[in-house]
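User: I'd like a close look at one part of this model: the places where its pieces meet. Please take me through them in one connected account.

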Number of protein chains: 2
Amino acid sequence: MANIGQRNRLQYIILGLLNQRPQTGYDLAKAFENEIGEFWQAQHSQIYPLLRRMEDAGEITHEDTVAGEKLAKKQYTLTPSGHDKLVDWVSEPSPELTPSKDEFILKLYFIKTDKDPRIQPMLREQLRLHQTQLNHLEGRLKTVFPTDAAKQQAYGHYLILDHAIERERDYVAWLSRYLTD
Amino acid sequence: MANIGQRNRLQYIILGLLNQRPQTGYDLAKAFENEIGEFWQAQHSQIYPLLRRMEDAGEITHEDTVAGEKLAKKQYTLTPSGHDKLVDWVSEPSPELTPSKDEFILKLYFIKTDKDPRIQPMLREQLRLHQTQLNHLEGRLKTVFPTDAAKQQAYGHYLILDHAIERERDYVAWLSRYLTD
DNA sequence: CTTAAACATGTAATTAATTACATGTTACAA
DNA sequence: TTGTAACATGTAATTAATTACATGTTTAAG
């Protein structure tokens, strides 16, 4: 029984990535360090067993290839059933509002008065972090989507990068508002 | 050995909540449905065993009380050691930028062109969700912090509610920008 | 030629978190 | 008085996710 949990969203990300092009588990793991790392994270130790289960479930298949002399690779591809599953998932509503689980925010919750001397250093630290992240994302936008044509070809990717930038910009603005420098 | 994992942030939330006032496990579970539900979630099945471990670790203690005729309650309180641990946690830097794990955003990533007919309904659905959440949070701000004095007494709580409202407002603004109504 | 980084694939152990199972009390409304 | 929602506390089973263990190949720089 290759039954995969209902709320396991990693499987859909893998379906989506394989729909873009056939890839190895290693390639998928790298994608989580790069382009989708801002939105989801997964280690190879979670990816390889899941690929196995998804193949058992008939959603993907692999082809064995060899690089160089004898380095074994598995190129995974979507099956029609896997493609259907991806389309269904994207089309279905997403009614969950996930809590953000931001540790800094949690800490703030336990500070009682605006006179607490820890507030300002905390705000400054977070401002630095989010400013750095904002700069990073703005750089990414410029390199990944230098032209309007590039935006057209991966419109969803462009949208979520734009969203992430906006989110960081607003976070920075909010932090700045409470900084008394 | 009551050794609790390094990254388990729930324990700190419990320390923080008990620092506000002594509470039962049931009270804590309710807090995750109400005031901190926007930022963290935990079920009673996770809370009760953790309270036990934290008591074994000497961070909290409990007093048995009885409500009515024979309904047993455990009122938990911080020990000095637990209080120290809470203060240390709040004071220590929070250098992690947690990815948001927003399912809608994930789905967008796999949409290729701006002509895809699924985009507009998806944006509309999310707009409705975040608008509802925004209204809810704005209501909460008015009832929980009706006066400036109220804000002073739980300043951190006020800050994070303000932050959450701001976040929803910006999310709604971003969604609206891409809606072609 | 040697070595280090990147490529490539897996398993094992542990922790975090959710869902389901399980039981009993109290307050309040119909 | 009868039923139901809220109060109250726990355990069991399962899944998701991280960290550590484990092994071997290829490429490119020094």
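Analyst: Happy to! One term to start with: the bounds of a domain here come from an automatic or database domain assignment. Please keep in mind that this is a predicted model.

Let's begin inside one chain. Chain A is divided into domain 1, residues 10-91, and domain 2, residues 103-178. The C-alpha centres of these two domains of chain A lie 29 Å apart. At their meeting place, four residues of domain 1 of chain A are in contact with eight residues of domain 2 of chain A. Together the two domains of chain A bury about 440 Å², with 57% of that area on carbon and sulfur atoms. On the domain 1 side, Glu35(A), Glu38(A) and Phe39(A) supply 94% of the area buried against domain 2 of chain A, more than any other three residues. Glu38(A) also pairs with Arg140(A) in a salt bridge, at 3.5 Å from N to O, and one salt bridge is what the rule finds across this domain interface. By class, the domain 1 side of chain A that touches domain 2 has one nonpolar, one polar and two charged residues.

Now for the meeting of the two chains. Chain B can be laid on chain A with an RMSD of 0.1 Å by a turn of 180 degrees and a shift of 0.0 Å along the axis. That is why the relation is one of a two-fold axis. In chain B, the C-alpha nearest this axis belongs to Ser100(B), 3.0 Å away from it.

Here, 68 residues of chain B are in contact with 67 residues of chain A. The copies meet through the same surface, because 99% of the interface residues of chain B are also interface residues in chain A. Between them the chains bury about 6,600 Å², 60% of it on carbon and sulfur atoms. Lys107(B), Tyr109(B) and Phe110(B) supply 12% of the area that chain B buries against chain A, more than any other three residues.

As for charged pairs, three salt bridges are counted between chain B and chain A. In one between Arg177(A) and Glu166(B), the closest N and O atoms are 2.7 Å apart. The rule also finds 27 residue pairs in polar contact across the chain interface. Among the elements giving two or more residues to the chain B side are helix 5 (103-109) and helix 8 (155-178) of chain B. Helix 8 of chain B gives the most, with 15 residues. Sorted by class, the chain B side that touches chain A has 31 nonpolar, 18 polar and 19 charged residues.

Methods: Residues are numbered from 1 along each chain as its sequence is written. Chains are lettered from A and ligands numbered from 1 in the order in which they are written. This is a predicted model: local features need pLDDT of at least 70, side-chain atom pairs count only at pLDDT 80 or more; totals for chains, interfaces and linings use all residues. Side-chain values use heavy atoms; hydrogens and water are left out. Copies are superposed by least squares on the C-alpha atoms of residues with pLDDT of at least 70 in both. Contact means heavy atoms within 4.5 Å. Buried area is the accessible area (1.4 Å probe) that two parts lose on being put together, summed over both. A salt bridge is a side-chain nitrogen of Lys or Arg within 4 Å of a carboxyl oxygen of Asp or Glu. A polar contact is a pair of N or O atoms within 3.5 Å; within protein, one must be able to donate a hydrogen and the other to accept it, and residues adjacent in sequence count only if both atoms are side-chain atoms. Helices (H or I, at least four residues) and strands (E, at least two) are DSSP runs, numbered from the N terminus. Ala, Val, Leu, Ile, Met, Phe, Trp, Tyr, Cys and Pro count as nonpolar, Asp, Glu, Lys and Arg as charged, and the others, Gly among them, as polar.
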